[in-house]
Number of protein chains: 2
Amino acid sequence: RILSPPSDSDANGIMSRAKVLTIDTMNPTVKKVEYAVRGPIVQRAVELERELSEGMKKPFAEVIKANIGDAHAMGQQPITFFRQVLALCSYPELLSDSTFPEDAKSRACRILQSCGGNSMGAYSASQGIDSVRQDVARYIERRDGGVACDPDNIYLTTGASDGIVTMLKLLVCGEGTTRTGVMIPIPQYPLYSAALAELGAVQIDYFLNEEKCWSLDITELQRAVNEARQYCNPRALCIINPGNPTGQVQSRQCIEDVIRFAAKERLFLMADEVYQDNVYAEGCQFHSFKKVLFEMGPEYAETVELASFHSTSKCYMGECGFRGGYMEIINMDDEVKDQLTKLLSVRLCPPVPGQALMDLVVNPPQPGEPSYGSFIKERTATLSALAEKAKLTEQVLNTVQGISCNPVQGAMYSFPRITIPEKAVKEATEKGQQPDMFYCMKMLEETGICLVPGSGFGQKDGTYHFRMTILPPTDKLKILLNKVKEFHQRFTQQYS
Amino acid sequence: RILSPPSDSDANGIMSRAKVLTIDTMNPTVKKVEYAVRGPIVQRAVELERELSEGMKKPFAEVIKANIGDAHAMGQQPITFFRQVLALCSYPELLSDSTFPEDAKSRACRILQSCGGNSMGAYSASQGIDSVRQDVARYIERRDGGVACDPDNIYLTTGASDGIVTMLKLLVCGEGTTRTGVMIPIPQYPLYSAALAELGAVQIDYFLNEEKCWSLDITELQRAVNEARQYCNPRALCIINPGNPTGQVQSRQCIEDVIRFAAKERLFLMADEVYQDNVYAEGCQFHSFKKVLFEMGPEYAETVELASFHSTSKCYMGECGFRGGYMEIINMDDEVKDQLTKLLSVRLCPPVPGQALMDLVVNPPQPGEPSYGSFIKERTATLSALAEKAKLTEQVLNTVQGISCNPVQGAMYSFPRITIPEKAVKEATEKGQQPDMFYCMKMLEETGICLVPGSGFGQKDGTYHFRMTILPPTDKLKILLNKVKEFHQRFTQQYS
């Protein structure tokens, strides 16, 4: 029996042929994906920018995009040394240019010698360039006070997102009540919910404690996993530390408790540590999950499965466009590791310039090298400015009645809670909009400031937030915060 | 009812805890993925390289990797102009360096002006940098003799692979006999089979005609789709032109027939055209599916859905490591396009250096510009050398009894058919190996030459092939071909 292709063409020909691919016949899991950081509000911001450039009158002169952690777009300058090495790697004829420092040249030579045909244009190994993975391993050992790191456990990635999605992909299996469940913090970075939706995995929410500076309570983890075991198979626990969008930095004790919980509940740990150099608050310090795990002794160090993620996009470098990153895999089953390597080989390799940049981040100029001074100066300036802006943001927002903002201990965002008057909630609901989306959209239209509504990250029912980056230059940030303040007061008045 | 976590720990503690993620509990679709181009034979080649470097004695002095289309790794030089612009974009201080030509500087300025904060370190729009997409559109219009191209239909990608996987992802739906089926050529480039396995879509094989220089017969397409309609829902037809691994270049007539077939059978067309500048044979010419589609009049031009793919990795530039690429989407439903853009936004953006490189490929130096002469000279030298090596490969291989090789009309590979003696087939089968894997593994161990067995690409039952790139420098290629010849003769004798 041969079936015919489905057809709706009329007797006159095929001009009326319906499309093969429509919203009704496309992949249903893709439809479920949402990604607020680049969602409708950002699309409207881009439209407004175009309208402004076409001379249309607006109540503001420019659109300020505080929606995304895109440091260079906000005027942050790249680290000179990094860019010198990248230029040398791109065009090795510059190696004979005497204006480039010797340490930049030696780094470039080391990277090029590890590339096929000494060119960044060659594919690398799927797992990443050997010498870069070795440098990453040494970086982790230094960072973690000497805890050993095997370069074989390092996989270079296309930004951290690539590594996170790949790990989730490995973990997904089962159907119905045996389907893989993955625990994620609420509020979360929406890459997690998007990837889980696309993979058809079950998202298990655990709520961070806003009253205690967005800290993580083990009792809440326990509640979430207990409830989830009734409808799925919880297999992984994702942690974002320092937090995105919430900006908290976890204590060493908290991390130990999380590891014990993961061991007890048999969960694969995924530690998103891309903000590891972005810690500002007094008394706060970054502790890697790897280090804490190994300090807890062999009972944990030899059993708990952990993947941790880092990136070139954040910290003091902010090189998002290069899509560099790595993941370290601890205690992964050898056969699964082979499967991971195989899976990564299909996409051939992460971008080599991003790998080169990752190498520079983990192997920056050392004391005594010619570029050391300027590197330290640039890095310190960026991190001090971020610390200052973190404080400024918290302070100004907390002067506004109806806005309350936890300290920005780390990362690059504030995630203040906002009071939205009943009348505004009602108007939003009638429009079919989330109240905080309604609020942010109105702010964009009136002030040109682009924020992301808290509903894009998840929040407790009945609470409203927005995420704002602290990245604009200080003078611009001050203007921005004042505009937010004025808008909030106007909005509150209007809907009271 | 609260369930406990599964546990196999004994009374003495959790040290005996089984792993969360094992080969039995991982994603089953990932296990089905195969990617021969970087499979076991390449892993063995890497091992052999290490053994050689450690001073171990082998019957060869070096491993020659002819398994992958990695031009720079084989010694091909990058285009000077491209690398100059990339260096300028990486380190804009070089814009005041008088040794850089003015056209390189103006290209760099144009790219940087389109980047957030004038930095390649900023994220771009998810669809890619606006000005690059405009340049791509103009390139396509020139290439296709003026057929209009809308930049809104251009999506920049992380190499062509990223675009292909994304399009397949959109197309997958249904279960059982309504599950999406995708037609792919056999032999194919194994990205297709790998992506379909991972997505759980049905792979529908159509066989290229080896006797007619790997040409595509519409009757074979018809056979394949008719049979497939009994067990799945065929929704897409993938074409690779020029062919990988088969090296054929499709005639204009063939492309027209394919388009008519796709319209009649209601299939979404996917045209993998990454080798569009790699056409060597007399009388052969590259015709884009887009151009042919539009020349067939509105009945086709306004209805047939098409995605075509290009990349920075092949042609005369061979810049694989930068992971640049684009896809052009024709007649895609508007709602699906929104979903596509949303899906791409989750991975934020393709690597910006790769986008910059894609821009240079579509907008190279023009007559009258200072770099025009050297650009043309370098491009011509690379393409002429490839044409010469294509011919050389075919000629030498065809002198060997038991090897027969179609002309390498285009792309970068020969895919000769090899006769494997019965005794060798038997020995391979006993070892649980494909006979051509057995053959290639033996060749690697004896000669250091790394090829990919035909079974990794698919082939008619009972036939055997290997894929070999034509990329090594001419003198090295000659040595390589002679070694293949000697090995084949020795192998044949040994098993006769």
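1. Cys315(A) sits in the loop of chain A that runs between strand S7 (306-311) and strand S8 (324-330); helices (H or I, at least four residues) and strands (E, at least two) are DSSP runs, numbered from the N terminus. Although Cys315(A) is not a glycine, its phi is positive, about 55°.

2. On provenance: this is a predicted model, in which local features need pLDDT of at least 70 and side-chain atom pairs count only at pLDDT 80 or more, while totals for chains, interfaces and linings use all residues. Residues are numbered from 1 along each chain as its sequence is written, chains are lettered from A in the order in which they are written, and side-chain values use heavy atoms, with hydrogens and water left out.

3. The bond from Asn241(B) to Pro242(B) is cis with omega near -10°, and the bond from Asn244(B) to Pro245(B) is cis with omega near 10°. Pro242(B) is in the loop between strand S5 (233-240) and H9 of chain B, and Pro245(B) lies in the loop between S5 and H9 as well.

4. Chain B superposes on chain A by a rotation of 180° with 0.0 Å of shift along the axis, at an RMSD of 0.0 Å (least squares on the C-alpha atoms of residues with pLDDT of at least 70 in both copies). The two copies are thus related as by a two-fold rotation axis. Ala87(B) is the residue of chain B that comes closest to this axis, its C-alpha being at 2.1 Å.

5. Two salt bridges are found across the interface of chain B and chain A (a side-chain nitrogen of Lys or Arg within 4 Å of a carboxyl oxygen of Asp or Glu). One of them joins Glu198(A) and Lys169(B), whose closest N and O atoms are 2.7 Å apart.
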